[in-house]
Amino acid sequence: MADRSDSLKRNQESRKKGHPQLKDKHQQATVSLKGLNQSSVANTTWKRREQLRTAQRAHRFRRKDTLHNLEKRVDKFETGIDDIIHTFFDLSKQLLDIKALENNPLLASALQQMTRECISLAEMAQMETVAT
C-alpha cells in the first residue's frame, strides 16, 4: 500500500503541468488541429467569435452604464456646490443687512476672503464646464 502511494506521488511530481512548450507557430497549429476535422474547427472558431462578441457587447454596456452613473454623480456634485455657494452668499447678505460686520473687522476680513475663494472656485468650475 505504501509503495503505491509513493509511486503516485512520484508520478505527480515528475509530471509537468500546463501547456507543452512549443517552439514555433507551425508546431502550435499542428498540435491544436491534431485529431480535429474542418467542421469542428470551424464550429469552435465560430463559438469563440460569438463569445468574444458577447463579451465586447457586455463590456461596452458596462462602460456606458458606468459613464452614465459618473455623469449623474457629477451633476449632483455640481448642484451641491451651487447650493453651498448660494447659501454662503445668502449668509453674507444677512450679515451685511444686520450690520454685524461693522463691529467685527476680523469677521469682515474672513468673510471677504471666503467670498473671493468662492468666486474663484465658481469661475474655475465654469471654465471647466465650458471646456468640456
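Predicted model: local features only at pLDDT ≥ 70, side-chain atom pairs only at ≥ 80, totals over all residues.
Helix 3 comprises 60 residues, and 88 Å separate its first C-alpha from its last. That span is close to the 88 Å expected at 1.5 Å a residue. After the helix comes Lys-99, which has a positive phi, near 60 degrees.

The burial pattern of helix 3 involves Ile-85, Phe-88, Ser-92 and Leu-95, which are its buried residues. These buried residues pack against helix 4. Ser-92, a member of helix 3, illustrates the arrangement. Its relative accessibility is 8%, and because buried means under 20%, Ser-92 is classed as buried. When neighbours within four places in sequence are set aside, Ser-92 is in contact with Leu-111 and Thr-115.

The largest pocket has a volume of about 420 Å³. Helix 3 (38–97) and helix 4 (105–131) are the elements that contribute two or more residues to its lining. The greatest contribution comes from helix 4, which supplies seven residues. In total, 14 residues line the largest pocket, and those nearest its centre are Glu-78, Ile-81, Ala-125, Gln-126 and Thr-129. Sorted by class, the lining consists of eight nonpolar, three polar and three charged residues.

Methods:
Residues numbered from 1 in each chain as written. Heavy atoms only, no water. 1 Å grid on protein atoms, 1.4 Å probe; cavity = no way out; pocket = protein on both sides within 12 Å on 5 of 7 lines; lining within 4 Å. Points joined across faces, edges and corners; volume = space filled by probe spheres on them. Helix = DSSP H or I, 4+ residues; strand = E, 2+ residues; numbered from the N terminus. Nonpolar A, V, L, I, M, F, W, Y, C, P; charged D, E, K, R; others polar. Buried < 20%, exposed > 50% of the residue type's maximum accessible area, 1.4 Å probe, protein only. Contact = heavy atoms within 4.5 Å. Expected span 1.5 Å × (residues − 1).
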